[in-house]
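Trainee: Can you walk me through this one? I would like to start with a sheet and then get to the rest.

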2 protein chains.
Amino acid sequence: MRGIIPQKIKGFRDITPLQNQLHQHIIEKAGQVYKNYGFEQWDTPVLEYADCLGKYMPDADSAAEGVYSFRNPEQEPVLDEKGNRVADTDGNFLMENHFLSLRYDLTAPLSRHYAEKLWNSSFSGQISSFKPPLFRRYQYGTVYRFEAKLDPGRFREFRQIDFDTVGTSDIAADAEICMILSDALNAIGLDKSSYVIKVNNRKILSGLFHELNITGEKEAAVTRIIDKLDKIGIDGVKAELANGRKDPSGAFIQGINLDINSIDKLIGFLSINGISQPRGAMIDLLSNEFSNNEIYAAGLKELQEIDSLLNSLGYGSDGIVFDPSLVRGMAYYTGPIFEVQSLLSYTDAKGNKRGVGSICGGGRYDGLVKRLLGVDVPATGASIGVDRLAEILTLSEISKIEYSGPVLITVFDNSLMTEYQKIARELRANNIPVQVYYGVQKGLKKQLAYADSIKSPIAILLGEDELKAGVVTIRNLNLGTRMSGDIQNKDEWKAKAQQQVPLAGLISAVLDILKS
Amino acid sequence: MRGIIPQKIKGFRDITPLQNQLHQHIIEKAGQVYKNYGFEQWDTPVLEYADCLGKYMPDADSAAEGVYSFRNPEQEPVLDEKGNRVADTDGNFLMENHFLSLRYDLTAPLSRHYAEKLWNSSFSGQISSFKPPLFRRYQYGTVYRFEAKLDPGRFREFRQIDFDTVGTSDIAADAEICMILSDALNAIGLDKSSYVIKVNNRKILSGLFHELNITGEKEAAVTRIIDKLDKIGIDGVKAELANGRKDPSGAFIQGINLDINSIDKLIGFLSINGISQPRGAMIDLLSNEFSNNEIYAAGLKELQEIDSLLNSLGYGSDGIVFDPSLVRGMAYYTGPIFEVQSLLSYTDAKGNKRGVGSICGGGRYDGLVKRLLGVDVPATGASIGVDRLAEILTLSEISKIEYSGPVLITVFDNSLMTEYQKIARELRANNIPVQVYYGVQKGLKKQLAYADSIKSPIAILLGEDELKAGVVTIRNLNLGTRMSGDIQNKDEWKAKAQQQVPLAGLISAVLDILKS
């Protein structure tokens with residue numbers, strides 16, 4: 001028998017007030033930029049039919065395909081592709097417990113949302129042609145990944161703030177993604193030197209693979225390996241493209257035994273360093289490669305258009321570059337792809353220096369809605385990883401956000417509860433967060449330790465004698481903490497950090513301390 | 001084979017921009033009030049171990065007990081009550097796929113969070129006594145209920161903004177809940193005449209049941225039936241306490257065959273109307289009943305203390321009343337319980353007048369953490385139902401919130417894309433939400449229909465000739481819509497709703513329209 005141990009599921013975490021404040025900051029700033037670009041906030045549920053989300057996760061080879069899925073407790077009709085109920089040979093309608101999934105991103109549910117609207121309206125004859133309507137929305141929410149092996153700093157529940165344009169094949173919508181990411185990160189307060197927006201095009205990769213006769217399953221496998229470049233380095237990629245490698249834990253990673261010629265060409269291509277040179281120079285370099293391939297050339301042309309639009313709007317190569325080794329994990333991308341890489345690093349608990357890695361990602365996914373609707377619906381979008389960005393704000397001390405808790409009214413005497421409450425009420429009327437101490441641990445020391453734990457700036461002390469004298473004691477806890485190192489004499493400390501004021505002057509005295 | 005039909009799961013819904021705006025309004029206002037009472041924002045995951053959440057749902061008799069649960073795809077150790085791994089007789093450690101659940105409220109996860117912290121610290125000897133530390137937090141999030149039968153306006157995913165005080169037995173913390181709910185609803189903009197905050201005490205009900213020899217399973221059954229009072233009326237309750245009743249659908253609801261004497265006493269008690277009289281008068285009435293029962297008397301004394309504190313702080317009986325028929329569904333309540341009932345009604349799609357019902361709920365749950373930790377940890381809290389409150393704001397037109405979409409820059413000529421982008425950039429620099437039209441449906445009519453669908457206030461039109469002349473056309477879409485009923489002549493309509501301005505004067509012209 002298992003005991004009930006109070007614990008979170010592995011890979012999940014609770015969010016502290018400070019983290020919440022950082023998340024809120026990111027959501028507000030990014031949300032405002034998205035809004036300014038005309039995206040409207042539509043939300044979708046956390047739970048969806050597994051069929052509707054589809055299987056696009058990069059680690060599709062793991063058992064549960066990276067997704068939390070389960071059978072619906074409710075039996076529902078089995079439907080055919082036209083939405084009609086399916087019957088068995090005796091004419092009885094079939095019922096089934098369909099699979100449900102926790103969303104693994106915000107793009108797949110958006111595609112369901114868009115497809116559902118069009119599907120429903122098609123029954124009333126509103127799809128007059130194959131030109132899908134334009135739809136732009138943003139969304140903030142948690143997403144879920146069942147990753148069997150959790151790297152440091154990775155979580156199974158994390159937050160994205162996502163924006164998408166559905167029903168567009170205009171390359172300007174892709175160029176705009178770079179602008180939005182740049183503006184949003186700027187609004188959030190990230191220094192331009194601390195990150196780089198990397199752009200590539202899946203068509204370039206497709207063309208390249210095509211030229212090397214890498215197709216189907218093999219193409220998917222090669223893509224997955226290249227996607228690990230940041231993590232395993234160029235030698236690791238080379239080994240996995242060949243006959244495999246030992247990872248640091250000693251486990252052997254099977255290679256895919258690609259021919260030497262293809263490996264050489266791929267490695268040569270991946271070695272073109274995009275981050276260190278202007279976009280124009282990179283386009284020239286890429287033009288020398290496989291540009292007689294039609295798909296490759298089409299992808300390159302799109303990058304040229306993106307470059308031209310960005311240049312004319314003042315988004316130079318210092319923040320936005322073309323990186324031919326960028327692939328992005330999700331299998332649904334079909335055109336331009338985007339990733340923001342943080343250039344910051346930090347020292348982890350074991351003393352290892354680690355790069356922060358990717359903080360935003362996105363791209364064009366022209367086939368995602370079609371899978372649900374049968375109609376061509378081109379679309380493009382991206383999202384910011386809120387948790388990791390919040391970590392960066394903490395790590396790099398970029399953030400000027402300081403967390404401060406509520407004022408604490410300590411409780412000396414329960415018969416004075418009404419007085420404590422009245423003081424609290426007055427402070428709140430002045431928009432000062434305050435709480436009366438209700439704990440079962442009653443001593444003043446415990447109460448002040450509690451004040452400390454919630455980062456109270458001020459403790460208010462009031463006993464019966466003081467009440468009769470019409471005065472109240474205020475202790476400046478921030479000052480008290482700052483001074484306690486310097487001052488030996490307890491009375492001296494008290495005299496500086498603590499003051500008695502008339503009850504009528506309480507509000508202004510508290511406001512004075514909070515402003516200081 | 002099942003076709004892939006793009007659809008949401010039954011009982012789930014997508015949230016529109018207007019709904020999101022209302023939700024945001026509620027969260028901001030309630031959150032600020034919670035903060036002013038000293039609660040800090042801590043978040044917990046959507047997914048938890050089923051064991052940690054426990055089974056407290058009112059509809060515990062349904063198959064899945066009202067909760068979405070499934071087996072963890074990951075095998076984990078089986079632990080005993082002390083957290084040690086359990087081995088089989090051969091000494092091999094046992095592994096299991098533990099059950100996971102989507103949280104059904106925010107209180108059970110909070111209890112896990114609190115218990116986990118204390119559990120972890122107990123290993124380093126930090127629990128020095130059985131006096132649990134004080135903890136106050138608020139949280140906003142979605143919760144999940146698998147309700148087999150969905151009433152109109154009920155959803156399986158909905159939003160709560162919850163606040164709790166853990167580690168307190170102070171009745172002032174319960175009285176405060178009434179104050180917080182009242183302040184929060186006031187800040188949100190609800191008229192005081194449109195709702196009533198109902199208070200009762202589970203101890204009063206327990207004492208009553210004790211006097212009538214209703215215990216164990218029977219007590220739970222009686223509680224569940226009384227909880228349906230609002231829905232099925234006093235006659236329905238009476239029938240279910242006796243031998244049952246037919247519901248409107250014709251299905252027979254089995255009764256619990258309580259003895260006639262107990263039924264009469266219960267029905268008499270439930271018929272005391274709390275809403276129409278002052279709290280003091282209600283306390284007098286309740287004192288006449290079962291007050292020689294110890295538990296009943298203790299509950300009544302707590303209500304008296306709540307009444308006294310509320311009176312001294314100016315929270316009168318006009319908004320906060322004692323209602324002896326209030327039970328609240330959750331099985332974890334042990335003391336004072338709270339519910340806010342909306343007094344508004346609306347006409348549903350079928351033309352039936354419906355009450356909005358409960359919009360907030362809460363109470364004291366002294367046993368919830370103990371179940372996980374073995375230590376007494378008294379606690380109390382409540383939450384606001386965000387979705388239903390947003391519906392009320394819409395229904396009652398209390399809300400002054402008006403939704404307005406972004407400005408639309410229509411696209412006549414793709415070669416002018418850079419110009420369109422530059423105009424967009426300038427407007428955004430002035431914090432005006434704007435988007436360039438990227439749709440594959442190119443005609444102006446389609447573009448203006450799109451502007452309409454996203455509630456654009458203004459469309460901007462720019463062709464090559466205009467660009468050469470240094471002018472741009474602005475169409476006031478709100479004015480256009482308002483006027484189109486009155487004006488017959490299309491040219492007259494255009495003259496009023498549309499104007500040509502110099503490119504340099506665009507920003508101020510747009511700002512003028514937005515301000516009007």
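Trainee: What order do the strands of the open sheet in chain B take?

Mentor: The order is β1-β7-β8-β15-β14-β13-β9-β12 in chain B, an open sheet of 8 strands with mixed pairing. Strands are DSSP runs of E with at least two residues, helices are runs of H or I with at least four, and both are numbered from the N terminus. Two strands pair if DSSP finds at least two bridges between them.

Trainee: Which strands stand at the edges in chain B?

Mentor: β1 (40-41) and β12 (320-322) of chain B. Each has a single partner strand, so one side of each lacks a neighbour in the sheet.

Trainee: Before I go on, what sort of model is this?

Mentor: It is a predicted model, in which local features need pLDDT of at least 70 and side-chain atom pairs count only at pLDDT 80 or more, while totals for chains, interfaces and linings use all residues. Residues are numbered from 1 along each chain as its sequence is written, and chains are lettered from A and ligands numbered from 1 in the order in which they are written.

Trainee: Fine. How many bridges pair β8 with β15 in chain B?

Mentor: 7 bridges, in the antiparallel sense, between β8 (residues 157-166) and β15 (residues 379-385) of chain B. B:D164 has B:G381 in β15(B) as its bridge partner.

Trainee: And which strands does helix α12 of chain B lie across?

Mentor: Helix α12 (residues 386-395) of chain B lies across β8, β13 (336-347), β14 (353-364) and β15 of chain B. The helix runs at about 40 degrees to β15(B). Axes here are lines fitted to C-alpha atoms, for helices over the stretch in contact, and angles between N-to-C directions run from 0 to 180 degrees. Contact means that the C-beta atoms of two residues, placed from the backbone, lie within 7 Å.

Trainee: Switching to chain A. What is the strand order in its open sheet?

Mentor: β1-β7-β8-β15-β14-β13-β9-β12, with 8 strands and mixed pairing. In chain A, β7 (residues 135-144) and β8 (residues 157-166) pair antiparallel over 10 bridges, and A:F135 stands opposite A:V166 in β8(A).

Trainee: How is chain A divided into domains?

Mentor: Into domain 1 (9-169 + 366-403), domain 2 (188-365) and domain 3 (407-515); the bounds come from an automatic or database domain assignment. The C-alpha centres of domain 1 and domain 2 of chain A lie 24 Å apart. Their contact takes 24 residues from domain 1 and 26 residues from domain 2 of chain A.

Trainee: Which element gives the most on the domain 1 side?

Mentor: β15(A), with 7 residues on the side that touches domain 2 of chain A. By class, that side has 13 nonpolar, 8 polar and 3 charged residues. Ala, Val, Leu, Ile, Met, Phe, Trp, Tyr, Cys and Pro count as nonpolar, Asp, Glu, Lys and Arg as charged, and the others, Gly among them, as polar.

Trainee: Now the two chains. How many residues are in contact?

Mentor: 88 residues of chain A with 87 residues of chain B. On the chain A side, helix α13 (residues 417-429) gives the largest share, 6 residues. That side divides into 44 nonpolar, 23 polar and 21 charged residues.

Trainee: What rotation superposes chain A on chain B?

Mentor: One of 180 degrees, with 0.0 Å of shift along its axis and an RMSD of 0.1 Å. That is the relation of a two-fold axis. The superposition is by least squares on C-alpha atoms of residues with pLDDT of at least 70 in both copies. A:F70 comes closest to the axis among the residues of chain A, at 3.0 Å (C-alpha).

Trainee: Why do the copies meet through the same surface?

Mentor: Because 99% of the interface residues of chain A are also interface residues in chain B.
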